[in-house]
Amino acid sequence: MFRNKNKIGKLASTVMASAVTTAIFLGFGNLAQAEGAADYYEGKTVKIVVGFNPGGGYDEYARMIAPELEKRIGATVIVENQPGGGGLLALNRLAQSGDDKTMMLASSESAALAQLTDRPGTRFDLSKVTWLGRAVVDTRMAMWSAENPERTFEEALATMKSEGSRWGATGLTDSVSDATAAMAEALNLTSDELSIVLGYDGTSAIALAVVRGEADGVVVSSTSAINYVGDDSLVPLAALDRERDALFPDTPTIFEVGNLDEEGERWMDFRSNITTLGRALVMHEDVDPEKADFLAGHLEDILTDDKFIQKAKDMNRPINFLSAADLNKLIQNIFADLSDKRKAEIKHVLTEKFIR
C-alpha cells in the first residue's frame, strides 16, 4: 500500500514537472511569436487608411493614433485618405489586399448596413475580417440648418410635415443616409416630408450645404456635430439614442421628443445597436494571428491609456474602446438575429424609400 502511494507520488511529480515544462515551453513560444511580430514590423511602413477626406472625425482619430502606434512598434505609421462611397470603397480594397501592414479605421456601422442590405459592390464580409479594436462609438445627432427659423425638434418636425425637408448624405448606408432614413421611418414620415440627397463629398461638405441652406438637415456623429455648433451654424435637434450624449447634455433624445410608437422605437433601437460597432480598426481576413494579436495589443494599450484618453477628450474626441473579441461577438449577434423578411424591410427603408 505504501509502495502504491510512492508510485502515485512519483507519478504526480512527473505530471507536475511535465506541466511546468509545457508551460515554460508555451511561454517561450508566445514570447517568440511576439518577438517575431515585433521584428516583422520594426522599421517597416504601416498604413492607417481612412475612407474619407482629411479634416473629418475619422481622419483626426487616425492621426491621433498613428504617432502612438509608431512609438510602440518601431514602424513608420502614416495615415492615408482614400475617400469614396462613404468609406466602403476603401474597405473593399483592404478586404482584398492581402496586405498585413495596412489597417483601416472603418465606419463599421455603415459597413454592416451595406452588408445587411446587399449593397452592390460590397466585397467584404465583416464576420471574416480581422478586428483589432474599436476606438470610439458616438451618438448620431440630428442637426438642422440655422438658416431655418426652427430651433427645436418639435418645430422642425412640424415644418417637415408641412413643407418637406432635404437631408444630405454621401452615399447609401454611409452611416449618415441610413441613420437619417431610420429616423424618418421611426417618425412615420413620407418621402415628401423627408428626402435624402446623396452625392456630397463627406460630412464636412454636407454640413457646409446645411449651413448655406442648400439642405435642411444632416445626421452626423456627436463628435463631428460638436464642430458645427460653436458658431451657431447648425442647430442640434435630437440625439438618436435612448440616452443623451455627453457632448450635448441639453439636447433631448428622439425618444423624448419624437412621440414614437412601438414600431418607431424598434427602428431607433435597431439603428442604435448598429451604431455600437462604432469606428473600429480592421485588417483583411487572412492576417497572421500572431501579427494581428501584436497590433491589437498595442492598440488596446493606446486606447485604454489614461493620458491618451484625456488628450482625445480635450480635443472633443472621446475614446470608447471595445476589444476585437467583443466586436466579433457583436457582429455575429447582429447578423444572426435578423430574419429574411426583416432584412428585406431594412433594405427597402434604408436604400430606397427616402432616397432622392
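**Note on the predicted model: spaces, contacts and selected residues**

1. The largest pocket has a volume of about 340 Å³. On a 1 Å grid over the protein atoms alone, a pocket is an open set of points with protein on both sides within 12 Å along at least five of seven lines, whereas a cavity is a set of points where a 1.4 Å probe fits but cannot get out; lining residues have an atom within 4 Å of a point. Grid points are joined across faces, edges and corners, and a volume is the space filled by probe spheres set on the points.

2. Residues are numbered from 1 along each chain as its sequence is written, and side-chain values use heavy atoms, with hydrogens and water left out.

3. On confidence, the protein chain averages a pLDDT of 88, and 90% of the residues score at least 70. Residues 1–32 have a pLDDT below 50, and this stretch has zero contacts in the model beyond near neighbours in sequence. Here pLDDT is the predictor's confidence in each residue, from 0 to 100, and contact means heavy atoms within 4.5 Å.

4. The secondary structure of the protein chain comes to 14 helices and ten strands. Helices (H or I, at least four residues) and strands (E, at least two) are DSSP runs, numbered from the N terminus. Of the 356 residues, 52% count as buried; buried means under 20% relative accessible area, exposed over 50%, and partly exposed in between, with a 1.4 Å probe and protein chains only. Among the contacts with a separation of 6 or more, 79% are between residues 24 or more positions apart.

5. Which residues lie nearest the centre of the largest pocket? They are Phe52, Asn53, Thr170, Gly202 and Thr203, out of 28 lining residues. The elements α2 (57–73), α7 (203–211) and β8 each supply at least two residues of this lining. By type, the lining of the largest pocket divides into eight nonpolar, 15 polar and five charged residues. In this scheme Ala, Val, Leu, Ile, Met, Phe, Trp, Tyr, Cys and Pro count as nonpolar, Asp, Glu, Lys and Arg as charged, and the others, Gly among them, as polar.

6. The structure also holds one cavity of 30 Å³ or more, and about 40 Å³ of space lies in the largest cavity. Its lining consists of Gly86, Gly87, Leu88, Leu91, Met104, Ala106, Ser107, Ser110 and Ala111. At least two lining residues come from each of α3 (88–95), β3 (102–107) and α4 (108–116), and β3 gives the most, with three. Five of the lining residues are nonpolar, four are polar and none is charged.

7. Five aromatic pairs are found in a search of the whole structure. Rings of Phe, Tyr and Trp (its six-membered ring) pair if their centres lie within 6.5 Å; planes under 30 degrees apart count as stacked, over 60 as edge-to-face and the rest as tilted. Tryptophan 144 and tryptophan 167 form a tilted pair, with 5.9 Å centre to centre and 50° between the planes. This pair links distant parts of the chain, as tryptophan 144 is in strand β5 (residues 140–145) and tryptophan 167 is in strand β6 (residues 166–168), 23 residues apart. Both tryptophan 144 and tryptophan 167 are buried. Separately, Tyr40, Tyr41 and Phe294 form one aromatic cluster.

8. Is serine 221 buried or exposed? Serine 221 is buried, because its relative accessible area is 2%. Serine 221 is in strand β8 (residues 217–221). Leaving aside residues up to four places away in sequence, serine 221 touches Asp138, Thr139, Arg140, Met141 and Arg279.

9. Lysine 128 lies in the loop between α4 and β4 (130–136). With a relative accessible area of 48%, lysine 128 is partly exposed. Lysine 128 and aspartate 286 are 158 residues apart in sequence and 8.6 Å apart in space, C-alpha to C-alpha.

10. Most residues other than glycine have a negative phi. Aspartate 118 has a positive phi, near 55°; this residue lies in the loop between α4 and β4 and is exposed, with a relative accessible area of 56%. Asparagine 259 also has a positive phi, near 50°. The place of asparagine 259 is the loop between α9 (254–257) and α10 (262–275), and at 74% relative accessibility asparagine 259 counts as exposed.

Notes. This is a predicted model: local features need pLDDT of at least 70, side-chain atom pairs count only at pLDDT 80 or more; totals for chains, interfaces and linings use all residues.
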